Amino acid sequence: ELTKSEEYLKSVEHFKNISNPDENWVSHGYNPYDREEDEYNHHVAMFSFVTIALVCSAFVLAYLPDNKMFHWRRREAYLELARREANGLPLIDPNLVPPEKMEKYLPTDEELGDTEIII
């Protein structure tokens with residue numbers, strides 16, 4: 001039985017006295033011999049890697065230039081709409097693509113037959 005084994009009783013006796021925290025100390029891997037330096041280095045590393053890395057990378061990503069020109073396209077579209085409204089033109093030109101070029105791609109009346117056309 002586990003509760004009566006010698007190893008279990010040794011462990012219970014070992015961990016019973018928690019007045020000396022250095023006795024059961026496990027290093028973070030920065031300095032296996034000095035607890036204070038190990039904890040200090042661990043705190044500095046975690047602050048550097050987690051806090052600074054996340055905050056700085058988020059800041060850089062937030063202020064990257066508009067490489068794909070999303071904002072430029074939207075701004076140009078608004079300027080073009082304002083220009084067309086000011087000149088009294090339709091917002092979208094019905095002859096944006098010349099009708100002569102579209103006729104060869106559209107079906108004829110015979111090909112459409114009785115198909116209902118919904119616009």
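Arg35 and Glu39 sit together in helix H2 (residues 35-62), 4 residues apart, or about one turn of the helix. Helices here are DSSP runs of H or I with at least four residues, strands are runs of E with at least two, and both are numbered from the N terminus. Arg35 makes a salt bridge with Glu39, their closest N and O atoms being 3.3 Å apart. The term means a side-chain nitrogen of Lys or Arg within 4 Å of a carboxyl oxygen of Asp or Glu. Side chains of opposite charge can pair when their charged atoms come close. Arg35 is partly exposed at 26% relative accessibility, and Glu39 is partly exposed at 30%. For these labels, buried means under 20% relative accessible area, exposed means over 50%, and partly exposed falls in between (1.4 Å probe, protein chains only).

A word on the model itself. It is predicted, so local features need pLDDT of at least 70 and side-chain atom pairs count only at pLDDT 80 or more, while totals for chains, interfaces and linings use all residues. Residues are numbered from 1 along each chain as its sequence is written, and side-chain values use heavy atoms, with hydrogens and water left out.

Now hop over to helix H3 (residues 70-86), where you'll find Glu80. Glu80 and Arg83 form a salt bridge, with the closest N and O atoms 2.5 Å apart. Those two are 3 residues apart in helix H3, so about one helical turn separates them. Glu80 also meets Arg84 in a salt bridge of 3.3 Å, N to O, and this pair is 4 residues apart in helix H3. Put together, Glu80, Arg83 and Arg84 are linked in a network of salt bridges. Glu80 is partly exposed at 32% and Arg83 is partly exposed at 38%, whereas Arg84 is buried at 14%. In total, the structure holds 3 salt bridges.

Time to zoom out. The protein has 5 helices and 0 strands. Its radius of gyration is 37 Å, well over the 14 Å that the globule rule gives for 119 residues, so the protein is more spread out than a compact globule. That radius is taken over C-alpha atoms, and the rule is 2.2 Å times the number of residues to the power 0.38. Along its principal axes, the C-alpha trace spans about 95 × 45 × 20 Å.
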